[in-house]
Amino acid sequence: MCIFDEETVMDLYEQIDEWLFDLGSDCIPAEIHGLYCGISASYETDKLLEEFIRTFIEYISIDVFDFQIDHPVFLLFLEYSGENLDNFDFKLTMLLPDDDNPIFERIEALSRWSFGFLNGV
């Protein structure tokens, strides 16, 4: 059952953006989602979470002690990403800014999603 509609996805995008900023990262949510998707394409399901966390901490350049695996925003991100990739119809919805955002922000987010994906594979 999908709990993420368009509005909750945009709220999630903003929450992840604030959380990454608080961690001192210059990454954006789209980039992190691309990273997750790239890793999920490269690793077996039973190793996905461990590999994503290891890569995520290194990728955003934070100290492992600054990272909380049970942070509510991180858990929502994992839930969204897992649900998104578990679709039986193989429909992937990239975590990108809303269509109401300026086109340059949306293009940058798409570019950074792709960059994150390629770093994940």
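In this predicted model, Arg-54 counts as partly exposed because its relative accessibility is 45%, a value that falls between the limits of 20% for buried and 50% for exposed. The side chain of Arg-54 meets that of Glu-58 in a salt bridge, with 3.6 Å from N to O, and Glu-58 is itself exposed, at a relative accessible area of 59%. Both residues belong to helix H3 (residues 45-59), where their spacing of 4 residues separates them by about one helical turn.

The count of salt bridges comes to 5, and three of them are set out here.

| Salt bridge | N to O distance |
|---|---|
| Glu-31 with Arg-112 | 2.8 Å |
| Arg-54 with Glu-58 | 3.6 Å |
| Arg-106 with Asp-99 | 3.8 Å |

Glu-31 and Arg-112 are both buried, and together with Glu-108 they are linked in a network of salt bridges. In the pair formed by Arg-106 and Asp-99, Arg-106 is partly exposed at 27% relative accessibility, whereas Asp-99 is exposed, with a relative accessible area of 59%.

Negative charge also gathers in a patch on the surface, whose members are Asp-5, Glu-6, Glu-7, Asp-11, Glu-14, Asp-17, Glu-18, Asp-22 and Asp-100. One of these residues, Asp-22, lies in helix H1 (residues 6-22) and counts as exposed at 64% relative accessibility.

Turning to the aromatic side chains, a search of the whole structure finds 12 aromatic pairs. Trp-19 and Phe-74 form a tilted pair, because their ring centres are 5.8 Å apart and their planes stand at 45 degrees. Since Trp-19 lies in helix H1 and Phe-74 in helix H4 (residues 72-85), the pair ties together parts that are 55 residues apart in sequence. Trp-19 is buried, with a relative accessible area of 9%, and Phe-74 likewise counts as buried, at 0% relative accessibility.

Tyr-36 and Phe-52 form an edge-to-face pair, with 5.1 Å from centre to centre and 75 degrees between the planes. This pair links distant parts of the chain, with Tyr-36 in helix H2 and Phe-52 in helix H3, 16 residues apart, and both Tyr-36 and Phe-52 are buried. One aromatic cluster is formed by Trp-19, Tyr-36, Phe-52, Phe-56, Phe-67, Phe-74 and Phe-77.

How values were computed
Residues numbered from 1 in each chain as written. Predicted model: local features only at pLDDT ≥ 70, side-chain atom pairs only at ≥ 80, totals over all residues. Heavy atoms only, no water. Patch = residues over 30% accessible without salt bridge, like charges linked within 9 Å, V, L, I, M, F, W, Y side chains within 5 Å. Areas by Shrake-Rupley, 256 points an atom, 1.4 Å probe, with all protein chains shown as cover. Salt bridge = Lys/Arg side-chain N within 4 Å of Asp/Glu carboxyl O. Lys, Arg positive; Asp, Glu negative; His and termini not counted. Charge placed at Lys NZ, Arg CZ, Asp CG, Glu CD. Helix = DSSP H or I, 4+ residues; strand = E, 2+ residues; numbered from the N terminus. Buried < 20%, exposed > 50% of the residue type's maximum accessible area, 1.4 Å probe, protein only. Phe/Tyr/Trp six-rings, centres within 6.5 Å; stacked < 30°, edge-to-face > 60°.
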